[in-house]
Amino acid sequence: MTSQFLENVGTLGAGAWKISIRRGGWEPLPGTGEKLPESREGRRAFLKFTAAAMAAPLLFASPDSNARRRRAPDPTPEPEPEPTPVVLPPSPPTIPWVEELPSAITPLSPVSLNPPPALNANTAAGECGRADHQRWAELHGTPRQYPVTHYELSAKENPAWVFNPAYPPQRIWGFAVGSAAASTPGPTIMTRYGEPVVVRFHNKLPQNHVGFGSPEISIHLHNAHAPSESDGFPGDYFSPNKAGPTLAEPGQFKDHFYPNICAGYDSYQNGLGDYREALATLWYHDHTFDFTAPNLYLGMAGFYLMYDDLDSGNERDANPSALRLPSHPYDYPLSFGDRRFDAGGRLVYDQVSPEGTLGDKIAVNGKIEPVLRVAARKYRFRLLDIGPSRTYELYLTKTNGVVQTFTYIGNDGNLLPAPLKNQFKVHIAVAERADIVIDFSRYPIGTELYLSNRLEQDLTRQPGDVKAPGTPVLKFIVDRYPPEQDLSRVPDVLRPLPPLDLAEIAAAPVRRWVFERANGMWAINGQFFNPNTARAVIPMGGAEVWELVNIDNGWDHPIHIHFEEGRILSKTKDGVSVPVPPHEQGRKDVYVLQGMSTIRVFLRFRDFTGKYVMHCHNLIHEDHAMMLRWDIKDDD
Amino acid sequence: MNTRRNLLAGMGAVALGGLLWNRLPVELEHAVAEEIDTGSPSSYFPNVWLYTHEGEKVRFYDDLVRGKIVAINMMYVMCTGACPTMTANLRKVQQMLGERVGQDVFMYSITLQPEIDRPQHLKEYVEQQRILPGWKFLTGSPADIRRLRYGLGFYDPVPEVDNNLATHTGMLRVGNDRNQRWTMAPALADPERIITTINHVDGAMVHTAYMSGDAAVHLG
């Protein structure tokens with residue numbers, strides 16, 4: 001049968017599922033209905049039960065309650081129960097530590113694209129009507145440090161994905177190579193600065209899909225320094241049957257050109273840009289206007305890792321300036337996404353809830369409570385909060401709960417100037433990344449460790465308190481010695497930061513963006529996203545200070561600004577200046593605005609022109625229009 | 001199949017704290033009773049009885065939503081806040097959609113003050129606002145309207161905000177019941193942008209950007 005909207009899940013009220021929602025999670029509610037009635041008779045019984053639950057307050061509230069009480073068998077119909085918003089029941093139990101993650105990732109293999117990619121949209125071959133690639137001859141047609149590399153991925157449905165052995169095989173939307181089954185996250189792309197890359201994204205999603213998720217794609221590479229026609233602008237979504245408002249024609253595929261240059265390409269004139277602007281951990285994901293939350297929730301995301309001469313991806317690199325951080329197969333991305341399942345163990349998403357759907361199960365690389373077997377040596381993990389709404393505070397612990405340390409080397413995909421040693425937690429909001437190095441050589445073979453989330457959260461609006469021991473979401477088992485000596489290291493100096501020029505900052509234009517609630521939706525400066533209208537136009541090469549403001553206290557906003565990494569200049573909370581935590585003192589592209597706070601960010605706009613966005617990366621806020629378009633224009 | 005889901009959708013939700021039992025016009029009490037007694041169809045939305053501004057008695061899901069592309073907002077006649085501007089803006093949307101309204105796309109406005117906004121008041125409002133045919137204004141019993149408001153996601157999780165008429169929703173619920181695809185647009189957004197979202201859920205529209213008249217491209 002076709003999938004149903006919220007399959008197998010009813011519109012439920014508090015109490016109906018024998019649980020009560022409270023801050024910090026679910027608890028059983030004693031003495032409520034034993035089981036949900038299935039028949040008409042049962043339905044009547046259910047109504048009677050709910051009416052009984054309401055009887056007392058109603059009697060006292062009703063103006064004619066005395067009269068009602070006097071008339072012994074009251075013939076008036078039972079009052080309708082007071083309507084309340086929909087409440088989703090908790091996900092059914094899962095079986096922990098059975099699903100195994102692969103011991104190493106398999107990077108996506110390059111292909112030779114046929115037909116070859118071109119400057120113009122190849123609409124004759126089925127490409128959607130995108131704008132021409134910027135600087136194509138210069139950055140794609142001219143020899144650079146490395147030859148051009150092509151990749152090909154299809155956004156596709158996998159009808160039999162297993163999140164956990166307790167749940168049935170079921171639909172996800174992920175990415176696939178050729179005719180293989182799609183996975184979530186999709187295949188990891190490993191690439192280098194100086195290597196021009198074209199990724200051909202096919203849209204092979206079922207166009208007759210029924211239920212949450214819309215079968216169009218606009219793939220954003222977060223946070224590549226990419227030309228706007230390859231940035232996955234929300235209005236650039238396409239399918240064979242549909243063209244987004246900023247695309248000329250529909251199509252079956254779209255070529256994204258990633259020049260893999262560092263920001264500052266034009267001013268440095270070294271054929272690479274400013275190496276201090278290099279990113280390491282990026283991720284690609286759908287950004288379709290109106291439907292980003294359900295589409296990402298269905299699984300359309302994957303990692304894109306970048307290397308250069310410094311962070312070379314080779315721990316045995318003979319180049320003396322190479323960092324030699326733990327490298328593949330000991331370089332491992334991990335995504336964390338909150339998901340909700342119905343009583344039958346199927347993924348649910350409430351399309352009309354103004355608050356979205358908060359998951360109570362954490363999918364780690366698409367698996368719930370998986371195991372990762374590791375060798376007794378150093379690993380680099382690239383942690384990503386893949387959304388839609390939950391924030392994490394992750395701790396590494398022994399099975400007895402004792403917290404273990406690790407080294408924090410990068411935030412939002414950017415290596416820090418120096419590693420933060422002896423760390424014991426990673427706090428990431430949606431779309432934030434944290435690169436860490438864990439040294440498993442400290443543990444005897446057979447040791448089991450957990451990665452646990454200690455941050456409680458019961459609303460999509462903001463997380464609650466940190467509480468030990470938390471929920472284990474991933475188990476590591478140290479099960480072997482490495483076949484070779486571990487020559488990787490974490491040097492005391494990683495990637496230097498571009499210097500900040502205080503005079504330049506003082507002279508930079510300041511834009512103030514207030515993130516607020518308006519008319520039951522989420523607004524920026526009182527306005528909602530319109531893909532056709534730029535709210536800021538910035539000259540190419542410009543530098544600005546953006547002041548991000550949250551004037552309320554009941555919610556947080558992880559604000560993502562596309563295109564270039566920014567620097568946090570200052571933070572205030574409740575009107576008082578607060579220190580910027582060490583892991584946020586480097587470059588960032590997600591700025592987590594807590595309640596009643598202001599963050600000032602220094603940003604540059606270099607090398608490309610076109611349309612980009614800033615938005616809240618809490619996906620329900622994004623879809624409920626907390627996004628704006630800004631453009632870069634070349635004044636020449 | 002899906003008995004439980006149907007049951008629950010028809011039932012609405014259950015509150016443990018009761019409020020005043022509103023006295024309703026006789027016909028609406030009957031409507032409530034019928035709603036309870038009639039098996040609900042397979043729908044996520046409450047299939048409540050409503051009255052159109054033309055006095056027609058309709059069921060929300062069966063008659064207004066089933067198999068249709070819809071755009072739904074909430075308003076009330078006496079509103080001096082966002083409603084007049086929203087209605088005027090949506091009237092532009094209606095004009096720009098032209099003959100698609102009432103044929104391919106269905107526009108509905110549901111009153112937030114069903115006790116006051118009876119069909120004749122809505123009719124007067126429609127005439128006063130010079131609303132074109134094909135866009136229905138709807139009222140019903142207060143409990144049903146409340147149920148519908150929650151069912152459509154027109155609420156705030158904070159009760160104080162939710163119960164404050166002055167901060168009522170400015171959302172336009174946009175969806176296509178045929179493929180059970182639901183999203184929203186701000187009712188005060190540019191009409192072209194609202195139409196882009198309507199075109200996104202309308203399987204017949206290839207180009208989602210607003211194009212007037214003959215420029216619009218239809219599939220099949």
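A residue is called buried here if 20 or more other C-beta atoms lie within 10 Å of its own, exposed if 12 or fewer do, and partly exposed in between, with C-beta atoms placed from the backbone. The model is predicted, and local features need pLDDT of at least 70, side-chain atom pairs count only at pLDDT 80 or more, and totals for chains, interfaces and linings use all residues. Residues are numbered from 1 along each chain as its sequence is written, while chains are lettered from A and ligands numbered from 1 in the order in which they are written.

Chain A has 636 residues, of which 53% are buried. Its secondary structure consists of seven helices and 37 strands; helices (H or I, at least four residues) and strands (E, at least two) are DSSP runs, numbered from the N terminus. Two residues are in contact if their C-beta atoms, placed from the backbone, lie within 7 Å. Among the contacts in chain A with a separation of 6 or more, 75% join residues 24 or more positions apart. Confidence is expressed as pLDDT, the predictor's confidence in each residue, from 0 to 100. The mean pLDDT of chain A is 90, and 87% of its residues reach 70 or more. Over residues 1–73 of chain A, however, the pLDDT is below 50, although this stretch has 115 contacts in the model beyond near neighbours in sequence.

Nine of its nine residues are buried, so β13(A) is largely enclosed by the rest of the structure. In a regular strand the side chains alternate between the two faces of the sheet. In β13(A), A:Asp331, A:Pro333, A:Ser335, A:Gly337 and A:Arg339 point one way, A:Tyr332, A:Leu334, A:Phe336 and A:Asp338 point the other way, and all are buried. Two strands are said to pair if DSSP finds at least two bridges between them. With strand β17 (residues 378–387) of chain A, β13(A) pairs in the parallel sense over seven bridges, and A:Tyr332 has A:Phe381 as its bridge partner there. With strand β14 (residues 361–364) of chain A, the pairing of β13(A) is antiparallel and runs over four bridges; here A:Gly337 has A:Ala363 as its bridge partner.

Leaving aside residues up to four places away in sequence, A:Phe336 touches A:Ile362, A:Val364, A:Leu383, A:Leu384, A:Asp385, A:Ile386, A:Tyr392 and A:Val473.

An unreviewed UniProt entry annotates residues 183–236 and 519–634 of chain A as "domain: Plastocyanin-like". UniProt positions are given in the numbering used here, feature names are shortened, and annotations may be inferred rather than shown by experiment. Residues 183–236 of chain A are 0% helix and 35% strand, with their end C-alpha atoms 24 Å apart. Residues 519–634 of chain A are 4% helix and 55% strand, and their end C-alpha atoms lie 36 Å apart.

Chain B has 220 residues, 53% of them buried, and its secondary structure comprises eight helices and seven strands. From an unreviewed UniProt entry comes the feature "binding site" at B:Cys79 and B:Cys83. B:Cys79 lies in the loop between β3 (69–75) and α4 (83–97) of chain B, and is partly exposed because 19 other C-beta atoms lie within 10 Å. B:Cys83 is in helix α4 of chain B and counts as buried because it has 23 C-beta neighbours inside 10 Å. Apart from residues up to four places away in sequence, B:Cys83 touches B:Met75 and B:Tyr76.

Helix α5 of chain B, residues 119–128, has B:Leu122, B:Tyr125 and B:Val126 as its buried residues. Seen down the axis of α5(B), these residues fall within an arc of 100°, so they line one face of the helix; the arc is that of the directions from the helix axis to the C-beta atoms. The buried residues of α5(B) pack against β4 (105–111) and β5 (135–139) of chain B, whereas B:Gln120, B:Glu127 and B:Gln128 are exposed on the other side of α5(B). Just after α5(B), B:Arg130 takes a positive phi of about 50°.
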